[in-house]
Amino acid sequence: MGSEEFQKRLSQELDKMKTIQKNMQKAMAAKQTLDGQLSENNVVKEELNFLTPENKVYKMTGPVLVEQEIDEAKQNVEKRIMFITSEIKRNDEVLKDLSNQQDKQQEILQRLQKEFADEQQLKSVKK
């Protein structure tokens, strides 16, 4: 493989690696956000469990606070927790897939570097 050809291939493979790493960073940021949301919703769920029927719960609808039934609020929070949990699982699968892609890409880059080093060594032996 010629030097120019090698540089072009190496550049392409490095671009692929950068894309994988960017996607991984996005997925990690999404995971942090989801973990934070799950934590917040679990705190809300715990707080709702302390309420008695005499207490009132309000939800923000636009700029207005609207009274909401405690049971309805508990159901909404439980649904959010279930949704966030499923999103975390989905995101974990994405991270796992990206990690596998990154490992494969690293192997490709290492193989390219070895090929280049072997080629350089052959050239120096021939001279």
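**Core**

I started with the largest nonpolar core, which holds ten residues: Leu 34, Leu 38, Leu 48, Val 57, Ile 70, Ala 73, Val 77, Ile 81, Ile 84 and Ile 88. Helix 1 and helix 2 each give at least two residues to this core. Helix 2 has the largest share, with six residues. I keep in mind that this is a predicted model.

**Helix 1**

I checked the length of helix 1, residues 3-49. At 1.5 Å a residue, its 47 residues should span 69 Å. I get 68 Å between the end C-alpha atoms, so the two agree.

Next I listed the buried residues of helix 1. They are Phe 6, Leu 10, Glu 13, Met 17, Ile 20, Met 24, Ala 27, Leu 34, Leu 38, Asn 41 and Leu 48. I note that Glu 13 and Asn 41 are on this list. What covers these buried residues? The cover includes strand 1 (57-61) and helix 2 (70-126).

I also looked up Gln 7, which sits in helix 1. Gln 7 is partly exposed, at a relative accessible area of 44%. I compared its place with that of Glu 54, 47 residues away along the chain. Their C-alpha atoms are separated by 73 Å.

Val 57, another core residue, is in strand 1. Buried or exposed? Its relative accessible area is 11%, so I log Val 57 as buried. I set aside neighbours within four places in sequence and listed its contacts: Leu 48, Leu 51, Val 66, Glu 67, Gln 68, Ile 70 and Ala 73. Of these, I took a distance to Ala 73.

I turned to how strand 1 pairs. Strand 1 and strand 2 (residues 64-68) run antiparallel, joined by five bridges. I looked up Tyr 58 and found Glu 67 as its bridge partner in strand 2. The two strands make a hairpin with two residues between them. In the turn, Gly 62 has a positive phi of about 65°.

Lys 56 comes in the loop between helix 1 and strand 1. Lys 56 is exposed, with a relative accessible area of 54%. How far is Lys 56 from Gln 68, C-alpha to C-alpha? I get 7.4 Å, for residues twelve apart along the chain.

**Aromatic pair**

I searched for aromatic pairs and found one. The rings of Phe 6 and Phe 116 have centres 4.2 Å apart and planes at 15°, so I log the pair as stacked. Phe 6 counts as buried, at 5% relative accessibility. Phe 116 counts as partly exposed, at 27%.

**Helix 2 and the annotated region**

I looked at Gln 102 in helix 2. Its relative accessibility is 17%, so Gln 102 counts as buried; the cut-off is under 20%. What does Gln 102 touch, not counting residues up to four places away in sequence? Its contacts are Met 17, Ile 20, Gln 21 and Met 24. Among them, Met 17, Ile 20 and Met 24 are on my list of buried residues in helix 1.

Last, I read the record. An unreviewed UniProt entry carries the annotation "coiled-coil region" for residues 95-122. I checked that span in the model. Residues 95-122 are 100% helix and 0% strand. The end C-alpha atoms of the span lie 40 Å apart.

Definitions and conventions
Residues are numbered from 1 along each chain as its sequence is written. This is a predicted model: local features need pLDDT of at least 70, side-chain atom pairs count only at pLDDT 80 or more; totals for chains, interfaces and linings use all residues. Side-chain values use heavy atoms; hydrogens and water are left out. Helices (H or I, at least four residues) and strands (E, at least two) are DSSP runs, numbered from the N terminus. The expected span of a helix is 1.5 Å times one less than its number of residues. Buried means under 20% relative accessible area, exposed over 50%, partly exposed in between (1.4 Å probe, protein chains only). Contact means heavy atoms within 4.5 Å. UniProt positions are given in the numbering used here, feature names are shortened, and annotations may be inferred rather than shown by experiment. A nonpolar core is a set of buried Ala, Val, Leu, Ile, Met, Phe, Trp, Tyr and Cys residues joined through side-chain atoms within 4.5 Å. Two strands pair if DSSP finds at least two bridges between them. Rings of Phe, Tyr and Trp (its six-membered ring) pair if their centres lie within 6.5 Å; planes under 30 degrees apart count as stacked, over 60 as edge-to-face and the rest as tilted.
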